Amino acid sequence: MLHVSTRGEAPALGFSDALLAGLARDGGLYVPQTWPTLQPAAIQAFSGKSYSDVAKAVLGPLVDGDIPAADLGRMIDEAYATFRHAATCPLAQLGDNLFVLELFHGPTLAFKDVAMQLLGRLMDHVLKARGARATIVGATSGDTGSAAVEAFKGLEQVDVFILYPHGRVSDVQRRQMTTVASPNVHALAVEGTFDDCQSMVKGMFNHARFRDELQLSGVNSINWARVAAQAVYYFTAAVSLGSPHRPVSFSVPTGNFGDILAGWVAKRMGLPIERLMIGTNANDILARTLSSGSYEIKGVRPTASPSMDIQISSNFERLLFEAYGRDAGAIRRLMANLAQSKAFLVDAEPLARIRREFSAEAVDETNVAAEMAETFRSTGYVLDPHTAVGTRAARALLRERPEVPVVALSTAHPAKFPDAVERATGIRPALPPHMADLMERQESFTVLPNDQSAVERFIRDRGRAVRGAAA
Ligand SMILES: Cc1ncc(COP(=O)(O)O)c(C=O)c1O
Ligand SMILES: N[C@@H](CCOP(=O)(O)O)C(=O)O
């Protein structure tokens, strides 16, 4: 199976090449040329299976033999053996037809581990098979970075550079990135926002000489393999609630749109998902876009859910590509408008298509705190502030269709955001034992200006120094 770019001007690539490429050479994002589908009987057969076995069945047709099935299966088993829960991603019930899908039982306590534990193994496997090396650059608002550092630390084939917004991630998130004493891992505190970090990463991919010289690779959800791996938990959750015979809706705390796009992919592959609810925090660009059709960047506001303090939702481009009937020219036009005037207008027909499958709800800071407090008071369950956006938005779906179960994705463990959780609930959640000494560990990071050439210079010098030392 080949993968095509949403902008239509980059070479079509197989799964392994798309995995290493990250961003397409025309600035677009890779998607499979066609969507494989799973028949209802195959989906029903997931009932009672382990998370790893469902992952093999869902990812098999997406990888399509590009990595031998036995190797893929072994890497899937190893990736999910790192999770601390027997079900990998268990469901908990908060109320009538309201469920939370706990995606935070991996090593760094956020949903990113689900894909990243596999991605690290896949990349290492492909690079070793080719006798190649890669320089991974990633932008993070806190969680992708920690998951990437954990998944790639100590690997011989890669140097990892993670850009995060200086002073805008939680202490736990920062320390997860800055206390890993591994020579191939570099935490870069950029004097800017997450959006600045993300556009610098995209800028590096679009700088052909730098990209080729350093053999750049990406671990953000611009990398198709990230989204593919995240589609799996929609299947496990829906099947445990009676799918494919019973439709289920999902509510997803959303920033870069990768997680909810994975739900759309699961639906495209045959999972009967009724609605996909985009939950945003006060950075509500996607909620505004769904209601008005106008995607308009207004500047980021810091919130209690910092990982979602994002304006440029990269993966929305993949949805637009589908909503425009895979018209890459239309996507190039929208993205050129975005680059030029920080806005674009979604045309009426594609907007209607998006609205047929997606709803959106913006949850402001008062309601995020109220959701954490009320949920704790009524159920004893402690939500992290990102998950609270998802459950609050889920309640809006339930008001419309109380008979359809809604699964809110729980994207982070509350201990990653102890200050916000304590303010809302009075409870200060403890870190799990494997991270108990996190606050005492020695930190190492470099502060860099919000300037692509300065960051490129650092990466070029440091990558070379590391490779020199290893030689
Ligand atoms: C804890 C948490 N929740 C939600 C999100 C939003 O997910 P996405 O960027 O895939 O929309 C993020 C960041 O990606 C996150 O770290
Ligand atoms: N919230 C994310 C932002 C990056 O998202 P990604 O899914 O595209 O990697 C983070 O925690 O870094």
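These are my notebook entries on one predicted model.

**Entry 1: ground rules**

I noted that residues are numbered from 1 along each chain as its sequence is written, while chains are lettered from A and ligands numbered from 1 in the order in which they are written. Because the model is predicted, local features need pLDDT of at least 70, side-chain atom pairs count only at pLDDT 80 or more, and totals for chains, interfaces and linings use all residues.

I looked up the confidence next. pLDDT is the predictor's confidence in each residue, from 0 to 100. Its mean over the chain is 96, and 98% of the residues reach 70 or more. The model has ipTM 0.99 and pTM 0.97.

**Entry 2: the annotated span and Lys112**

I checked the UniProt record. Its positions are given in the numbering used here, feature names are shortened, and annotations may be inferred rather than shown by experiment. An unreviewed entry gives "domain: Tryptophan synthase beta chain-like PALP" for residues 92–346. I found 45% helix and 20% strand in that span, with its end C-alpha atoms 37 Å apart. Helices (H or I, at least four residues) and strands (E, at least two) are DSSP runs, numbered from the N terminus.

UniProt also lists Lys112, under "modified residue: N6-(pyridoxal phosphate)lysine" (unreviewed entry). I located Lys112 in helix H5, residues 112–130. Is Lys112 buried or exposed? A residue is buried if 20 or more other C-beta atoms lie within 10 Å of its own, exposed if 12 or fewer, and partly exposed in between, with C-beta atoms placed from the backbone. Lys112 counts as buried because it has 33 C-beta neighbours inside 10 Å.

I then listed its contacts, leaving aside neighbours within four places in sequence. Lys112 touches Asp143, Thr144 and Ala147. Contact here needs C-beta atoms, placed from the backbone, within 7 Å.

**Entry 3: the two ligands**

I counted a residue as near a ligand if its C-beta atom, placed from the backbone, lies within 6 Å of it. Ligand 1 has 15 residues around it, and the closest are Asp143, Asn256, Asp259, Ser307 and Thr411. Ligand 2 has 13, and the closest are Thr140, Asp143, Thr144, Asn220 and Ser221. Helix H6 (residues 143–152) supplies the largest share of the ligand 2 shell, three residues.

I sorted both shells by type. Ala, Val, Leu, Ile, Met, Phe, Trp, Tyr, Cys and Pro count as nonpolar, Asp, Glu, Lys and Arg as charged, and the others, Gly among them, as polar. The ligand 1 shell has five nonpolar, eight polar and two charged residues. The ligand 2 shell has no nonpolar, 12 polar and one charged.

**Entry 4: strand E14**

How many residues of strand E14 (residues 406–410) are buried? Five of its five are. In a regular strand the side chains alternate between the two faces of the sheet. On one side of E14 I found Val406, Ala408 and Ser410, on the other Val407 and Leu409, all buried.

Two strands pair if DSSP finds at least two bridges between them. E14 pairs with strand E4 (residues 98–102) in the parallel sense over five bridges. Leu98 has Val406 as its bridge partner. E14 also runs parallel to strand E9 (residues 248–253), joined by three bridges.

Helix H10 (residues 224–240) is largely enclosed by the rest of the structure, because 16 of its 17 residues are buried. Gly242 follows H10 and has a positive phi, near 110 degrees.

I placed Ser47 in the loop between helix H2 (40–44) and helix H3 (51–63). Ser47 is partly exposed, with 13 other C-beta atoms within 10 Å.

Key:
Contact = placed C-beta atoms within 7 Å.
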